[in-house]
Amino acid sequence: MLKTKDFIIMDLIDSYQHKGLRNKLVQELRAKGIHDDQVLSAIGRVPRHTFMESGFINFAYKDQAFPIGNGQTISQPFTVAVQTQLLQVEKRQKILEIGTGSGYQAAVLVEMGAKVFSIERFRELYLKSKAHLESLNYSLHLFYGDGYQGKATYGPYDRILITAAAPEIPIALIEQLKPGGRMVLPYGSGDTQVMTLIEKTMDGELLKSTHGAFAFVPMLKGTS
Ligand code: SAH
């Protein structure tokens, strides 16, 4: 009989089959218009199947969102790709993510060579993702807290990414964005939100552009 530990080890295995499915997913994302090779190759390296509750490989490399517990979801790979592409990540940049969730998006950013800081408001998800990212040897800073406040002590950031639907643009996050920085967020409180890019000029001016409709779980106030 297998012990719990064996299951954990099995879950972390990244087989040729997983890699094959992942390559197909990358091709699919390219066909859907993702052109940033750095983003695609990072997605090609992160073992998404290990970030999912069941670990069912049949689901892991489909371009779909999936439940991760606490009523939350791991974002659809296309959504992760769009947000990451809009960020224009460069190596060694400081990136603040709001909504660690499964930790998958954070892992993609670490794979791109960024210094990642990520906040999650569900204690259970924070603990689970922290343990999981450590087991995969991803090195980043994870926090349990309310992302509306950001994390001023480690800022300012080159890039800020919100991975939950923001009904408003959090002022604290705008303040923690460096001049010349970029912030990406799904903006709105309806069933769908508008992918929004905010660029802060060197003079501190804010330029806003929109990039299509997406559906995210809501960004909520406080912790749980
Ligand atoms: N980036 C995640 C996506 C998770 S879904 C991934 O790759 O799996 C969005 C996450 O945002 C959820 O886990 C939710 O709990 C979290 N969230 C919502 N409001 C938040 C807030 N105010 N502060 C921090 N996290 C928040």
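The model is predicted.

Helix 2 covers residues 16-31. At 1.5 Å a residue, its 16 residues should span 22 Å, and its end C-alpha atoms are 23 Å apart, which agrees.

Which residues of helix 2 are buried? They are His18, Arg22, Leu25, Val26 and Leu29. Seen down the axis of helix 2, these buried residues fall within an arc of 100°, so they line one face of the helix.

At the start, a side-chain oxygen of Ser15 comes to within 3.3 Å of the backbone nitrogen of Gln17. Just after the helix, Gly33 adopts a positive phi of about 110°.

## Helix 6: an enclosed helix

Helix 6 comprises residues 104-111. Seven of its eight residues are buried, so the helix is largely enclosed by the rest of the structure. The buried residues are Tyr104, Gln105, Ala106, Ala107, Val108, Leu109 and Val110. Tyr104 also takes part in a contact with a charged side chain: the charged end of Arg48 sits over the ring of Tyr104, 5.6 Å from the ring centre. Just after helix 6, Gly113 has a positive phi of about 90°.

## Strand pairs

Strand 3 (residues 94-98) pairs with strand 4 in the parallel sense, over five bridges. One of the residues involved is Lys94, whose bridge partner in strand 4 is Lys115. Strand 4 itself is largely enclosed by the rest of the structure, because five of its six residues are buried.

Strand 8 (residues 193-200) and strand 9 (residues 206-214) run antiparallel and are joined by seven bridges. Gln193 has Phe214 as its bridge partner in strand 9. The hairpin of strand 8 and strand 9 has five residues between the strands, and in this hairpin Gly204 takes a positive phi near 85°.

## Aromatic rings around Phe117

The structure holds seven aromatic pairs. Phe117 and Tyr154 form one that is tilted, with 5.4 Å from centre to centre and 40° between the planes. This pair links distant parts of the chain: Phe117 is in strand 4 (residues 115-120), whereas Tyr154 is in the loop between strand 5 (141-144) and strand 6 (157-162), 37 residues apart.

Phe117 also pairs with Tyr157. The centres of these two rings are 5.6 Å apart and their planes lie at 65°, so the pair is edge-to-face; the angle that counts as edge-to-face is over 60 degrees. Phe117 lies in strand 4 and Tyr157 in strand 6, so the pair ties together parts that are 40 residues apart in sequence.

| Residue | Relative accessible area | Class |
|---|---|---|
| Phe117 | 5% | buried |
| Tyr154 | 34% | partly exposed |
| Tyr157 | 0% | buried |

Ring pairs join Phe117, Phe143, Tyr154 and Tyr157 into a cluster. Lys94 lies over the face of Tyr157, at 5.9 Å from the ring centre. Lys94 is also the bridge partner of Lys115 in strand 4.

## Two further buried residues

Asp63 is located in the loop between helix 4 (57-60) and strand 1 (66-69). With a relative accessibility of 10%, Asp63 counts as buried. What does the side chain of Asp63 reach? The answer is the backbone nitrogen of Phe78, at 2.9 Å.

Ile174 belongs to helix 8 (residues 171-175). Its relative accessible area is 14%, so Ile174 is buried. The C-alpha atoms of Ile174 and Pro186 are separated by 15 Å, and these two residues are 12 residues apart along the chain.

How values were computed:
Residues numbered from 1 in each chain as written. Predicted model: local features only at pLDDT ≥ 70, side-chain atom pairs only at ≥ 80, totals over all residues. Heavy atoms only, no water. Helix = DSSP H or I, 4+ residues; strand = E, 2+ residues; numbered from the N terminus. Expected span 1.5 Å × (residues − 1). Buried < 20%, exposed > 50% of the residue type's maximum accessible area, 1.4 Å probe, protein only. Arc of directions from axis to C-beta. Polar contact = N/O pair within 3.5 Å; in protein donor to acceptor, adjacent residues only side chain to side chain. Pairing = 2+ DSSP bridges. Phe/Tyr/Trp six-rings, centres within 6.5 Å; stacked < 30°, edge-to-face > 60°. Lys NZ or Arg CZ within 6 Å of the ring centre and 35° of its normal.
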